[in-house]
Amino acid sequence: MSHFQLSWVKTCAESLWMKCFHAGAEENQGLVVRDELAHTYGDVCRCDSQASNPESPAAFRSDSSCEDGAHSTRPKITTWEAGWNVTNAIQGIFVLGLPYALLQSGYMGLLLLVLAALICSYTGKILVSCLYEEDENGHSVRVRRTYEDIATACCRHICPYIGGKVVNAAQVVELVMTCILYLVVSSNLMCHSLFFLPLTPAACSAITFFILVPCMLIRDLRVLSHLSLFCSLAQFFITFIVIGYCLRQSSQWASRRLSAVMVDFDGFQVAVGVIIFSYTSQIYLPTLEESMTDRLDFNSMIDWTHILACVLKTALSVVAFLTWGEETKEVITDNLPTALRMVVNLCLLAKALLSYPLPFYAAAEILQTGVLKLNSSAEGSERGTLLLRGSLLFLTLIMALCVPHFSLLMGLTGSVTGAAMTLLLPALFHLQLKWTQLGVSRRILDLLILLLGCFCSISGVICSIKGMITAFEDK
């Protein structure tokens, strides 16, 4: 009798999910009719596949014959160029806070460094798989272009006119906040690195602003890829400098021990947020995958970029902790000798400036195509695009100069939008669009990632609010 009751509960739960949350009858079966797709989404690219896993982006052939409608003229990038952009996103300045996060989280932090790479790699791949469906012949078809399109498909039975707009708003907030943070960091690094010059913080912000003005003219992902290459090289150089210095201090390592048991829950919450969100690149992936000359390589590109990031982050965190132990600072460069810190800060300044164009370009593209619906082929569109990008650039400067305790505000908004875009939404959308194609283990995995996203979001909001209260009380 108990077995019968469990089966009845399972059947009711699946029926409720299908009725309220699933994306529709065609997508329930994993099949889409080619004619209806052409009518709904315009010209799409049918990509034949002989791979055994039909939902994997690596199973989709992408060559010169595959064109995505009006966007087929977009310049293509190689797998390496796409990889440099992803590396730029997941090897950010925040890596320098990982040794302190390891201090806060102990042995659990080492496990988190590996798990975060695996989880974020997985959510990136399932997000891109949601761009595809199968037609009546079993061919994989790229029926969606953006994160917004995925949200619209998933929410069409609940809030068809709101889902995509909410996702666009979350993306823009996250990207603009990231741009402002890079501007703030660049200005601060300029003040500290050029201390021998009589420059005020406002003057450094203005200089940084004028250096970044050419970002308004970037329209080609290949240009971004080259900037990301130099940005990643700067990050590698910084990482190797810190690791090299730590290796020279290896005689002190015997006295350092990680904590086996966590006692500071607040510190552990912060550590989880820092580690997981140092791997975020999901916002950029639909555009990068669409622009790749060979989409077969997308999965492998995601894998090797995250493996490389995991190895370097783990090595940096461990040797830095073994070198400074309980004296590890929140930003590891503060532990370095003065002369070496000067060199590293100059490299960080170059990295911060080179990091700015990627989120700026993504935010401008979303505002132009997803929010304002500007037609790039219309007369006067060039002036409109420049005006939009100039306004966005100027907005980041004003926010960087005027918003007090910006880092705390960034933590608050990032806890919501970052967790949603990286963990919550990819897992939720994957469950909705691919429910019938997933086995029990995959469904459970997606549900666990959903719960992790909720934990990161709630704990991040609580920590940020506590920090803001403390900051304003001290003031």
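The questions below go from the whole chain to single residues.

This is a predicted model, in which local features need pLDDT of at least 70 and side-chain atom pairs count only at pLDDT 80 or more, while totals for chains, interfaces and linings use all residues. Residues are numbered from 1 along each chain as its sequence is written, and side-chain values use heavy atoms, with hydrogens and water left out.

Q: How many helices and strands does the secondary structure of the chain come to?
A: Helices (H or I, at least four residues) and strands (E, at least two) are DSSP runs, numbered from the N terminus. Counted in this way, the chain has 18 helices and four strands.

Q: What percentage of the residues of the chain count as buried?
A: A residue is called buried under 20% relative accessible area, exposed over 50% and partly exposed in between, with a 1.4 Å probe and protein chains only. Among the 475 residues of the chain, the buried share is 51%.

Q: Which residues have the most contacts inside the largest nonpolar core?
A: A nonpolar core is a set of buried Ala, Val, Leu, Ile, Met, Phe, Trp, Tyr and Cys residues joined through side-chain atoms within 4.5 Å. In soluble globular proteins, nonpolar side chains tend to be buried together. The largest core here has 108 residues, and those with the most contacts inside it are Ile150, Tyr356 and Phe429.

Q: Which helix gives the largest share of this core?
A: The largest share amounts to twelve residues, and they come from a helix that covers residues 163-193. Of the 31 residues of that helix, 23 are buried, so it is largely enclosed by the rest of the structure. The helix in question is α8.

Q: How far apart are the end C-alpha atoms of α8?
A: The expected span of a helix is 1.5 Å times one less than its number of residues. For the 31 residues of α8 this should give 45 Å, and the distance between its end C-alpha atoms agrees, at 45 Å.

Q: Which residues does Tyr356 touch, not counting residues up to four places away in sequence?
A: Tyr356 counts as buried, at 1% relative accessibility. Contact means heavy atoms within 4.5 Å. By that rule, Tyr356 touches Cys179, Tyr182, Leu212, Cys215, Leu393 and Thr396.

Q: How many residues apart in sequence are the parts that the pair of Tyr245 and Trp324 ties together?
A: Rings of Phe, Tyr and Trp (its six-membered ring) pair if their centres lie within 6.5 Å, and planes under 30 degrees apart count as stacked, over 60 as edge-to-face and the rest as tilted. The structure holds eight aromatic pairs. In one of them, the rings of Tyr245 and Trp324 have centres 5.9 Å apart and planes at 15°, so the pair is stacked. Tyr245 lies in helix α10 (residues 221-248) and Trp324 in helix α13 (residues 298-324), so the parts tied together are separated in sequence by 79 residues.

Q: Which residues is Glu330 in contact with, leaving aside its neighbours within four places in sequence?
A: Glu330 is placed in the loop between α13 and α14 (338-355), and with a relative accessible area of 56% this residue is exposed. Its C-alpha is 9.7 Å from that of Leu103, although the two are 227 residues apart in sequence. The contacts of Glu330 are with Leu96, Gly97 and Tyr100.
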